Amino acid sequence: MADSTAIPLVPLDPFGADHHGEQRRLREAGPVVQAELPGGIRVWVVTDHALLADLVADERVSKNWRNWSAIQDGTITDDWPLVGMIKVTNMVTSDGVAHSRLRRPVTRVFTRGRVEQLRPRVNQIVAELLDELPSHAGPDGSVDLRSHYAYPVPMQVICELLGVPREWRAELRRLVDSIFRTDTSSEEAVATERQRLALLAELVRLRRDEPGDDLTSALIKLREEDEAALTTEELVDTIWLLLTAGHETTLSLITNGVRALLTHPDQKAIAVAGDAATWSSVVEEVLRWDAPIGNFPARYPLEDVTIAGVTIAKGDAILAAYSGVGRDPRQYGPDAEQFDVTRAPQRHLSFGGGPHLCLGAHLARLEAGVALPALFARYPDLRLAADPATLPPVPSFFSNSAAALPVQLGQAAVAPPSVI
């Protein structure tokens, strides 16, 4: 049994300057290591793919933040800069019966069949955004694809699903960006929490007064018909979960996919010459090789647990290093660091696993599977407008992506093919 005081301690960079380099150093430090968060908060990180796959399905480990000893003893207070990613009450931070109760009302919306019905609308949104891209060109002719394509595709889809007015979306984006950032101050964290609760309260009021054919209205109706089904806090935080997870992951997936293909011209050639199945493989390889979620919070043992000879105490916090295990050579072989869209299909953990497997995985795959081939079909000469090494990272160890993706569009196809 390893002495926890002898386990390497790796401070996580809140600016995300070298995300994959940091993940590589974590893996090299061992299968179970300690990391330091802002404020000197220590957590565990499981860096081995197989061990993490077991952990996310382990019933001895809770997702409920109330089981974190650092919260119980007052070490972490409501002004801790990262508290907005931790102290919410929804299906992601619930266990067992509570988790099933909170997950059930949303499950029917995100079945594979129901998601597939959204394809025509996603096709339409993508086509409209591609039409608008040239109008966003700056003085040098470049367009930031993250802002003007990767972001609005999932944001528009999830806002329509949840009945969020169009004019609210800029504020919503600002709040979500702030929650996922790990370079924020205590003052910013407190202000963001206050503002997001105010926005959600207003959304609930709006959809209660003017119900529509959307998920927010459906959740409000469920709450009104059966108060035991959802508390007010659970209603608000479930809507917040769907808004954040419903676009943040896909935003980064599309951004990372474009970046990967433009920096690997041989792989781009395979993709653009392929069919729908090829593009599906592209999406899965991007998810593995450059997963949108870096280190996902958090799990808390309900009893002392031993992983790879390391004992993690009851109440400690464990981060899931999803982007790191995507390049674990023990799982994917000696070429795990290589981006290869022809790689034989293998399980990855980019959408989590166990009972908390991401409900929106089908939707994220559909959106990326439409947005990526449509972009390269419309703009076959697309190229990066900056050195890849200079692309600014999202300042976060939760998210893994570039904060901007400037490109030169090149000549548009004369007759844009229909999106897949």
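# A tour from the aromatic cluster to the sheet

Start by selecting Trp68, Trp80 and Tyr300: together they form one aromatic cluster. Keep in mind that this is a predicted model.

**Stop 1: the aromatic pairs**

How many aromatic pairs does a search of the whole structure find? The count is six. Zoom in on one of them, Trp68 with Trp80. Their ring centres are 6.0 Å apart and their planes meet at 75°, so this pair is edge-to-face. Buried or exposed? Both Trp68 and Trp80 are buried.

Now select Trp289 and Phe339. They form a tilted aromatic pair, 5.1 Å centre to centre, with 45° between the planes. Trp289 belongs to helix H14 (residues 276-289), while Phe339 is in the loop between helix H16 (329-332) and helix H17 (361-378), so the pair ties together parts 50 residues apart in sequence. Trp289 counts as buried at 12% relative accessibility. Phe339 also counts as buried, at 5%.

**Stop 2: charges over rings**

The charged end of Arg327 sits over the ring of Trp289, 4.3 Å from its centre. Next, pick Arg288 and Tyr332. Arg288 lies over the face of Tyr332, at 5.1 Å from the ring centre.

**Stop 3: the nonpolar core**

In soluble globular proteins, nonpolar side chains tend to be buried together. Here the largest nonpolar core has 129 residues. Which residues have the most contacts inside it? Select Trp68, Phe110, Tyr149, Leu375 and Leu382. Then colour helix H12 (residues 232-262), which gives the most to this core, with 14 residues.

Centre the view on Tyr149. Leaving aside neighbours within four places in sequence, Tyr149 is in contact with Val126, Leu129, Leu130 and Leu133, among others. Its contacts also include Ile254, Ala371, Ala374 and Leu375.

**Stop 4**

Switch to a cartoon view.

Strand E1 (residues 9-11) pairs with E2 in the parallel sense over three bridges. Select Pro11, and you will find Glu36 of E2 opposite. Now trace the chain: E1, helix H1 (residues 19-29) and E2 make a right-handed β-α-β unit. Strand E2 (residues 32-37) is mostly covered, with five of its six residues buried.

Move on to strand E3 (residues 41-46). E2 and E3 pair in the antiparallel sense over six bridges. Leu37 stands opposite Ile41 in E3. The two strands, E2 and E3, form a hairpin with three residues between them. Select Gly39 in the turn: its phi is positive, about 85°.

E4 pairs with strand E6 (residues 295-301) in the antiparallel sense over two bridges. Select Val61, then its bridge partner in E6, Pro301.

Conventions. Residues numbered from 1 in each chain as written. Predicted model: local features only at pLDDT ≥ 70, side-chain atom pairs only at ≥ 80, totals over all residues. Heavy atoms only, no water. Core = buried A, V, L, I, M, F, W, Y, C linked by side-chain atoms within 4.5 Å. Buried < 20%, exposed > 50% of the residue type's maximum accessible area, 1.4 Å probe, protein only. Helix = DSSP H or I, 4+ residues; strand = E, 2+ residues; numbered from the N terminus. Contact = heavy atoms within 4.5 Å. Pairing = 2+ DSSP bridges. Right-handed = clockwise from strand over helix to strand, strands pointing away. Phe/Tyr/Trp six-rings, centres within 6.5 Å; stacked < 30°, edge-to-face > 60°. Lys NZ or Arg CZ within 6 Å of the ring centre and 35° of its normal.
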